[in-house]
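Hi everyone, thanks for coming. Please bring up the model on your screens, and I'll talk you through it.

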Amino acid sequence: MKEASYYTVRAEQTVQCGLCPHGCMLRPGQTGRCRVRRNDGGRLIADTYGVVSALHMDPIRKKPLYRYFPESQVLSLGSYGCNFRCAWCQNADISQCGTGRASGTRRIEPQEIVDRMLRSDSIGLAYTYNEPTVWYEFMVDTAGLVYGAGMKNVVVTNGFINKEPLDELLRVSHAFNVDLKSFSDAFYRQYTGGKLQPVLDTMHAIVSAGLHLEIAFLVIPELNDDTDLFVQMVRWIRRELGKDVVLHINRYFPSWKHAAPPTPIALMNRMKSMAGEELSHVYLGNVR
Ligand code: SF4
C-alpha cells in the first residue's frame, strides 16, 4: 500500500487530504470524493498507485496539444477516479469509479512504464484519460524518471489541485492541457462540484513556471455557452496568461448522464472568431 503525500492527521485518526481544494476529512475506512484516496487506520493511502486503466500510443494532437511537438506520438496512460462530477464526462467508466475497480488489478511500477516508453518512438508520457492529479504519487514518481531520462511529461488535467503539490508536479512537467469548464464559479460549483479560482491559479502557475499551456473549453448548450461570459474568459486568458496561450473550443456531444443535443456549429464558429480577436491560436475541436 502506498501512503499518500500531502495529508494531515487530525483527532481520532481522522485525516485531511491536502492534494486538492476539496480538502476531504476522512475517518478510518472512508474514501475521498475522488474515490481513490482512503483512510486506512489513520494513514491516507493512494489506493490506485500503479493501477493503469488504459495505456495507448496517441498522436499528441489528440490530447489536445497542437503547438507542442505537434507531429509527435506520446505514450498515454490513465487510472481511475476524478475529483469532479461532470454529467457529460466522456470517460465516466474510469473517472467515476475508484478503489473498487482498482482492486485485484495488477500494479505496475513506474520504471516498467518508463522502460516501455524508451523502447517506443514516444516523446515521453502523457497522464490523461481520467483526472491524473488524483493519481498524484504514481504520476510524480513516474514523471521524475521520465524527466531524468530527458523525455517529456504532458499532463491533461482539470487543474483542480492545491499549490504545494502543483509546484512539485511543475518541477518535472513540460506541457499541460487544462480543461477550463466555464468562467463562472457558480457553474463549477453546480455542475462539477469544484470551484473556478483554483483552476485559474493552476493555469497561472503553469505559465509562470515557463511551461507550455493549452486550454480546452467544451461548449455545452445552455450550460456554458453564454457569449458575454466567453468573451470575459478569453480576455482574462490574454491579460493573465498571454495571447500566445492556445485555446481549443471543443464541440460537445451527448455523453454519460447528459443528453442535450450537440453544440451548434454556428455557435462554435462565432466563438472562434470572438476568441481570435484576443488570442493568437484558437482551434475548433470535435468538428469535422
Ligand atoms: S484528492 Fe481526493 S481525497 Fe484528496 S481532497 Fe481531493 S477529492 Fe478529497
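I'll go through the pocket, then the ligand, then the salt bridges.

Before we start, please keep in mind that this is a predicted model.

Let's begin with the open space. The largest pocket has a volume of about 980 Å³. It is lined by 34 residues, and the closest to its centre are Lys63, Gln90, Asn91, Val156 and Asp179. If you want to find your way by secondary structure, look at the strands: β9 (152-157), β10 (175-179), β11 (212-219), β12 (246-251) and β13 (282-285) are the elements that each give two or more residues to this lining. And what is the lining of the largest pocket like by residue class? It divides into 13 nonpolar, 14 polar and 7 charged residues.

Now to the ligand. Where does the ligand sit? You'll find it in the largest cavity. Around the ligand are Cys17, Leu19, Cys20, His22, Gly23, Cys24, Gly32, Arg33, Cys34, Arg37 and Asn83. By class, that shell has 5 nonpolar, 4 polar and 2 charged residues.

On to the salt bridges. The structure holds 14 of them, and I've picked a few to show you.

Have a look at Glu278 and Arg235 to begin with. Their closest N and O atoms are 3.4 Å apart. Are the two partners buried or exposed? Glu278 has a relative accessible area of 16%, so it counts as buried. Arg235, at 47%, is partly exposed.

Next, please turn to Arg106 and Glu112, another salt bridge, with the closest N and O atoms 3.3 Å apart. Here Arg106 is exposed, at 56% relative accessible area, and Glu112 is partly exposed, at 34%.

Then there is the pair Glu240 and Arg239, whose side chains meet in a salt bridge at 3.3 Å, N to O. Glu240 is partly exposed, with 31% relative accessibility, and Arg239 is exposed, with 58%.

Note on methods
Residues numbered from 1 in each chain as written. Predicted model: local features only at pLDDT ≥ 70, side-chain atom pairs only at ≥ 80, totals over all residues. Heavy atoms only, no water. 1 Å grid on protein atoms, 1.4 Å probe; cavity = no way out; pocket = protein on both sides within 12 Å on 5 of 7 lines; lining within 4 Å. Points joined across faces, edges and corners; volume = space filled by probe spheres on them. Helix = DSSP H or I, 4+ residues; strand = E, 2+ residues; numbered from the N terminus. Nonpolar A, V, L, I, M, F, W, Y, C, P; charged D, E, K, R; others polar. Near = heavy atom within 4 Å. Sits in = over half its atoms within 2 Å of the grid points. Salt bridge = Lys/Arg side-chain N within 4 Å of Asp/Glu carboxyl O. Buried < 20%, exposed > 50% of the residue type's maximum accessible area, 1.4 Å probe, protein only.
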